[in-house]
Each structure stands twice: as structure tokens, then as C-alpha cells.
Amino acid sequence: MDAAELKVALSEMVARRAEEVENLVQRWAEARASGKALELGPLEVQVREWVLTLGRTCMQRVIDGIATGSPQKAAACPKCGGNVLSEGMRPATIHTSMGLVTYERRYLVCSSCKAGFCPLDAELGHDEQRNSPALQVMV
């Protein structure tokens, strides 16, 4: 997905969420006008979930774009400098501040020391627990 396609997709998501918020506000106003007692808590939970869903979707699209545009190759093993061979694509899940995001990345194995690694993982900057850089700062 290129930058223009990502911009359109995100704009459409934001527009859908804005419409949902407007509907929610309208229902809230109608309930208040009819004398029903409403609590802010459930509304807050719903809006938070919408924001997190939008954030996860954005992160998913960005990481997918990075994975697609990344060569996901290594000239040599980062441990011993030996030749590496691809063992295909493998899924991974990263913990972001907005929730879990799953992506596909190439898995490489060194023909000398047999170490396995994924160059994209290093590019994304997550730690051993698969926490994103922003989440690492938060915890």
C-alpha cells in the first residue's frame, strides 16, 4: 500500500468513526431529553475502544507497508558473518500501545552457526518481549 492509498484508507476509517460518534451523541441527547439517567462510563469505554481500534488499524497498515517495502534480506549472519538462507515467511505479533498487531516477515538461518533471525524485527525496533518502541517507554 503506497502513501496515497494509506491516506485514503485512514480518511475513510476516520469518517466512519466520526459518523458513529455523531450517532452516539444523538442517542445520548435523545435519552437525556426523555429523562433517562445515563452514565458516562459506558460511553467512555466505547469511545476508547474506537480510538484503540483506529490506532491498531493504523499500526497494522504501517507495519504491513514497512514489511512490503523492506527487502527483508541480510547479506550475512549478524552473529558470525556466515551466509544466510531464507526459510520463508513467518508470522509475528508485536505489542503496541494500541494493542496487538500481527505481521509477516522473512525468517533467515545462518548456514554456519544455525542462528535464526528476522531482519524486519530489528528494523521495527521491538524488544525481546515484542514490545514496540513506544510501549517500551510506557512500561
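Helices (H or I, at least four residues) and strands (E, at least two) are DSSP runs, numbered from the N terminus. With that in hand, welcome to this structure.

This is a predicted model, in which local features need pLDDT of at least 70, side-chain atom pairs count only at pLDDT 80 or more, and totals for chains, interfaces and linings use all residues. Residues are numbered from 1 along each chain as its sequence is written, and side-chain values use heavy atoms, with hydrogens and water left out.

**Confidence.** The pLDDT is the predictor's confidence in each residue, from 0 to 100. The protein chain averages 87, and 96% of the residues score at least 70. Among the elements, helix 1 (residues 3–33) has the lowest mean pLDDT, 83, while helix 4 (residues 133–138) has the highest, 94.

**Helix 1.** The expected span of a helix is 1.5 Å times one less than its number of residues. For the 31 residues of helix 1 that gives 45 Å, which agrees with the 45 Å between its end C-alpha atoms. Its buried residues (buried means under 20% relative accessible area, exposed over 50%, partly exposed in between, with a 1.4 Å probe and protein chains only) are Leu6, Ala9, Met13, Leu24 and Ala31. They pack against helix 2. Just after helix 1, Gly35 has a positive phi of about 90°.

**The cores.** A nonpolar core is a set of buried Ala, Val, Leu, Ile, Met, Phe, Trp, Tyr and Cys residues joined through side-chain atoms within 4.5 Å. The largest one has 8 residues: Ile63, Ala67, Ala92, Ile94, Val101, Tyr103, Leu120 and Leu124. A second, separate core of 6 residues includes Val84, Cys110, Ala115 and Phe117.

**Salt bridges.** A salt bridge is a side-chain nitrogen of Lys or Arg within 4 Å of a carboxyl oxygen of Asp or Glu. The whole structure holds 5 of them.

| Pair | Closest N to O |
|---|---|
| Arg17 and Glu20 | 2.8 Å |
| Arg56 and Glu49 | 2.9 Å |

Arg17 and Glu20 both lie in helix 1, 3 residues apart, or about one turn of the helix. An α-helix has 3.6 residues a turn, so residues three or four places apart point the same way. Arg17 is partly exposed, at 25% relative accessible area, and Glu20 is partly exposed too, at 29%. Elsewhere, Arg105, Asp121 and Arg130 are linked in a network of salt bridges.

Notes: Contact means heavy atoms within 4.5 Å.
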